[in-house]
Amino acid sequence: MSLITPDFGLLFWMTLIFAIVFFILAKFGFPLITGMVKKRSDTIEQSLRDAEEARKTLKDLAAEQKKLIEEARKEQARILNEAAAAGDKIVQDAREEARAQTSAMIEKAREDIRIEQETARRQIADEVTNLSIEVAEKLVREHLNSAEKQHSLIDKLIEEARASHQPVN
Amino acid sequence: MRGIRKILLLAAVLLLSAPVPAAAQHADAAETEDFDLNEYIFGHIGDAYEWHITTVNDHHISIPLPCIVFDGGVHVFLSPRMEENGYTLNENGKLVNATTGKRPIDISITKNVLSLLLSSILLVALILATARWYKRHDALKEAPRGFPGLMEMLITMVTDDIIKEGVGKDWEKYAPYLLTAFFFIFLNNLLGIVPFFPGGANVTGNIAVTLVLAVCTFLAVNLFGNKHYYKDIFWPDVPTWLKVPVPLMPLIEIIGIFTKPFSLMIRLFANILAGHIMILGVVAVIFITAKLGPAINGSMSVISVLFGVFMDVLELLVAFIQAYVFTMLSSVFIGLSRQEPEHEKQLETTK
């Protein structure tokens with residue numbers, strides 16, 4: 001059967017052709033392709049690893065950032081509290097001082113007023129005295145402008161004096 | 001759903017159109033009276049000194065091929081001039097000396113050789129075109145698309161699924177051979193299914209071709225086998241009376257060295273040959289039934305076309321499976337020849 005007996009010519013050509021094809025493909029074809037594919041898959045793997053690392057770093061950074069923000073917030077709160085306390089104290093002090101100053105001023109004003117009043121009172125008393133004297137002078141002058149009146153007055157005064165000297169019986 | 005509708009449509013078209021050529025064939029067959037099935041099948045699967053393309057009105061249209069013969073000197077002539085050069089074909093269709101009737105050393109470019117040449121040029125072009133893409137592009141930044149992408153997918157599949165799995169350590173050393181074998185077999189299988197000129201030759205269904213491939217695997221296995229592999233052949237771990245005085249186990253192991261590539265050779269050869277014969281047989285039903293009248297011939301033609309489609313699709317699958325199996329078994333055999341002894345391996349893993 002010619003089907004299962006290998007023909008020499010075909011064997012020869014097949015060996016030659018397959019050897020050449022193998023040589024060409026093994027030298028210029030497959031190693032280049034498989035090498036590149038391997039390199040690419042390595043690169044992809046490396047990139048994935050890098051990405052994972054970057055993600056981790058980012059996560060750490062975010063955590064750190066959060067911590068920093070937290071700290072800053074605390075600091076801010078503390079500073080605000082301090083500032084509020086300081087402000088309160090300043091206001092308190094100012095108020096205190098103002099009160100002290102006011103009371104001192106009021107005291108002084110009161111003293112002044114008292115002195116003024118004293119002076120005024122004295123002036124008024126003088127004035128009144130003077131006025132009384134003037135009035136009395138005028139009254140006396142009015143009363144004693146005639147001799148008759150002067151006589152009656154004298155009489156009257158003598159009478160009074162007599163009555164007072166005389167014992168009561 | 002759409003796919004099913006398409007298939008039904010295709011079947012309907014075939015049903016309607018099939019009887020017409022069948023009737024024509026019937027007329028043809030009636031003229032020539034008897035149809036030589038043997039010649040028809042073996043003419044297609046066998047080798048030839050010319051590439052017969054078709055026959056129109058009893059006139060053969062063939063591509064003449066050069067015959068190269070060493071017979072006390074080199075004789076080179078085209079196949080139609082065989083008789084003028086003193087050679088003729090024997091009953092097996094082989095070229096013999098017309099006067100002595102002996103086979104000279106014959107390295108003619110036969111149909112199979114030409115087909116091999118064409119498919120090899122195509123294969124080299126395909127692979128180098130893919131390789132060129134990698135030279136022209138920065139493969140680290142982009143993946144190929146279109147044809148190089150397809151080739152990359154196939155190559156990656158073969159290396160990852162077959163070669164790495166089968167060979168194990170040092171697979172890179174064997175990858176070029178195994179990849180060449182895979183694509184060589186796959187491409188020739190596919191071209192064998194194409195029914196007209198550049199394809200249609202029965203290359204991978206020819207024992208000489210599969211013999212060379214099997215010898216390559218044999219060499220790859222046995223030239224680079226390690227110490228453990230050869231120790232297992234000549235002094236296997238079996239009771240001593242199986243080795244001395246009669247070297248029973250070594251003998252079996254030595255036979256095993258040859259049966260492994262032999263099975264590769266026969267498997268590929270037989271599968272592809274059987275596929276070709278099946279398709280030819282299914283098509284031949286049309287011509288055989290031509291004598292039985294238009295009704296039987298017409299209905300058988302429809303069946304034959306449907307079966308032919310089925311067989312062709314099946315052969316597509318077989319073309320891939322056989323290439324896959326050949327490569328897989330080759331890499332497994334290579335892997336076995338490079339296996340480290342069990343206990344050393346255990347030591348390595350415990351380290």
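This is a predicted model: local features need pLDDT of at least 70, side-chain atom pairs count only at pLDDT 80 or more; totals for chains, interfaces and linings use all residues.

Me: How do strand 1 and strand 2 of chain B run, and how many bridges join them?
Reply: They run antiparallel, with 6 bridges joining them.

Me: And how many residues sit between the strands in that hairpin?
Reply: There are 2 residues between the strands, and B:Asn57 in this hairpin takes a positive phi near 50°.

Me: Where's B:Asp170?
Reply: In the loop between helix 5 and helix 6 of chain B. B:Asp170 is exposed too, since 12 other C-beta atoms lie within 10 Å and a residue with 12 or fewer counts as exposed.

Me: What about B:Trp51, buried or exposed?
Reply: B:Trp51 is buried, because 20 other C-beta atoms lie within 10 Å and 20 is enough to count as buried. It lies in strand 1 of chain B, residues 50-56.

Me: Which residues does B:Trp51 touch, leaving out those up to four places away in sequence?
Reply: B:Ser62, B:Ile63, B:Leu65, B:Lys111 and B:Leu114. B:Leu114 is 63 residues from B:Trp51 along the chain, and their C-alpha atoms are separated by 9.0 Å.

Me: Switching to the sheet: in what order do the 3 strands of the open sheet in chain B come?
Reply: The order is 4-3-7, with antiparallel pairing. Strand 4, residues 74-78, and strand 7 are the edges, each pairing on one side only.

Me: Over how many bridges do strand 3 and strand 4 of chain B pair?
Reply: Over 5 bridges, in the antiparallel sense; strand 3 covers residues 66-70. To pick a residue pair, B:Ile68 has B:Val76 in strand 4 as its bridge partner.

Me: OK, zooming out. How many helices and strands does chain B have?
Reply: 11 helices and 7 strands. Of its 351 residues, 32% count as buried. As for contacts in chain B between residues at least 6 apart in sequence, 66% join residues at least 24 apart.

Me: And how many helices are there in chain A?
Reply: 2 helices, with 0 strands. Its C-alpha trace spans about 205 × 35 × 25 Å along the principal axes. In chain A, 8% of the residues count as buried.

Me: How many residues of the two chains are in contact with each other?
Reply: 38 residues of chain B are in contact with 31 residues of chain A. Helix 4 of chain B gives the most to chain B's side, with 12 residues. By class, that side of chain B has 24 nonpolar, 11 polar and 3 charged residues.

Me: What about the largest nonpolar core, which residues have the most contacts inside it?
Reply: B:Tyr174, B:Ala181 and B:Phe182, in a core of 61 residues. Helix 1 of chain A, residues 8-143, is among the elements that supply at least two residues each. The largest share, 14 residues, comes from helix 6 of chain B.

Me: Which residues is B:Tyr174 in contact with, leaving aside neighbours within four places in sequence?
Reply: B:Ile163, B:Val167, B:Ala220, B:Ser331 and B:Ile334.

Me: And how many residues are in the second core?
Reply: 6 residues, including B:Tyr49, B:Val69, B:Met82 and B:Tyr87, and this core is separate.

Notes:
Residues are numbered from 1 along each chain as its sequence is written. Chains are lettered from A and ligands numbered from 1 in the order in which they are written. Helices (H or I, at least four residues) and strands (E, at least two) are DSSP runs, numbered from the N terminus. Two residues are in contact if their C-beta atoms, placed from the backbone, lie within 7 Å. Ala, Val, Leu, Ile, Met, Phe, Trp, Tyr, Cys and Pro count as nonpolar, Asp, Glu, Lys and Arg as charged, and the others, Gly among them, as polar. Two strands pair if DSSP finds at least two bridges between them. A nonpolar core is a set of buried Ala, Val, Leu, Ile, Met, Phe, Trp, Tyr and Cys residues joined through C-beta atoms within 7 Å.
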